[in-house]
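Please look at the empty spaces in the structure shown here, and at what surrounds them. Rolling a probe the size of a water molecule over the atoms shows where empty space is left.

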Amino acid sequence: MSRFEEYRDRFADVAMERHDGILQVSLHTDGGSLKWSERAHRELPEAFRQIATDPDNRVVILTGTGPDFLTEMAFERRNTTPLGWDRIAHEGRHMLFDLLDIEVPVIAAVNGPATEHAELALLSDIVLASETAAFADHQHVVAGVVPGDGVHIVWPWLLGMNRARHFLLTGRTIGAREALELGLVAEVLPPERLLERAWELARQLAGNTTLTLRYTRACLTMLIRRELRFGLAHGLALESLAAVDARSFPPSPPPAPGRP
């Protein structure tokens, strides 16, 4: 088991505060909106693991810092080696499973646009969105990368198969109000009300018994965990293979004259 005092200040890109068993997890880079970097990719699975094994956490609020939830990619993939992609795939598998291993309800407060790894928020049990929020997938197909790190499972689950394929292939952006209509989020709020509402709901949930909180979370994540267990590793392998082929090596030379 982990202890809050031992992990709360361990992570550079994850700020935490806890009151009455409600843990607020704020993603950031140097106090501003999170930039998706190798460090963040490495830290988040471990942060989720520590949160999941702390029995004193009763409800978790996941949010961002600054105007964006996550829009900037500061992850250099072009020269990543095969061994580097193996590490990325390992972290990618654990990131989603460690998030889902948190055994208490998770409330996402999406403070602004989430155009990179929006699934981190959308896998929460309750998703609240600021009026400034928007959702897209700009780190995969439109950036020349196979969408195999779980988004190929999460987005069809949330949007339906055909709408999700269009979404992933085109990089289309879904605004907060449309996200509400599509069922991606439960409530849309003014930015200044977002965290206040998240804490209201967290206090309401925290009034339940520990076993009710834990087992409700287990029930509500059972099906998505099954789908990820079936397809995540395979999708990550395809993403890594395509990325190594396209980005790590120069184009193949043309065949010699007279040869196929």
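The lining of the largest pocket is made up of 13 nonpolar, three polar and two charged residues, where Ala, Val, Leu, Ile, Met, Phe, Trp, Tyr, Cys and Pro count as nonpolar, Asp, Glu, Lys and Arg as charged, and the others, Gly among them, as polar. This is a predicted model, in which local features need pLDDT of at least 70 and side-chain atom pairs count only at pLDDT 80 or more, while totals for chains, interfaces and linings use all residues. Residues are numbered from 1 along each chain as its sequence is written, and side-chain values use heavy atoms, with hydrogens and water left out.

**Largest pocket**
- The largest pocket holds about 290 Å³ of space, a pocket being an open set of points on a 1 Å grid over the protein atoms alone, with protein on both sides within 12 Å along at least five of seven lines.
- Of its 18 lining residues, which have an atom within 4 Å of a point, the closest to the centre are L122, L123, S124, D125 and L158.
- Helix α9 gives the most to this lining, with five residues; helices are DSSP runs of H or I with at least four residues, numbered from the N terminus.

**Second largest cavity**
- About 40 Å³ of space lies in the second largest cavity, a cavity being a set of points where a 1.4 Å probe fits but cannot get out.
- Its lining has eight nonpolar residues, with no polar and no charged ones, and V25, F48 and I51 are among them.

Notes
Points joined across faces, edges and corners; volume = space filled by probe spheres on them. Helix = DSSP H or I, 4+ residues; strand = E, 2+ residues; numbered from the N terminus.
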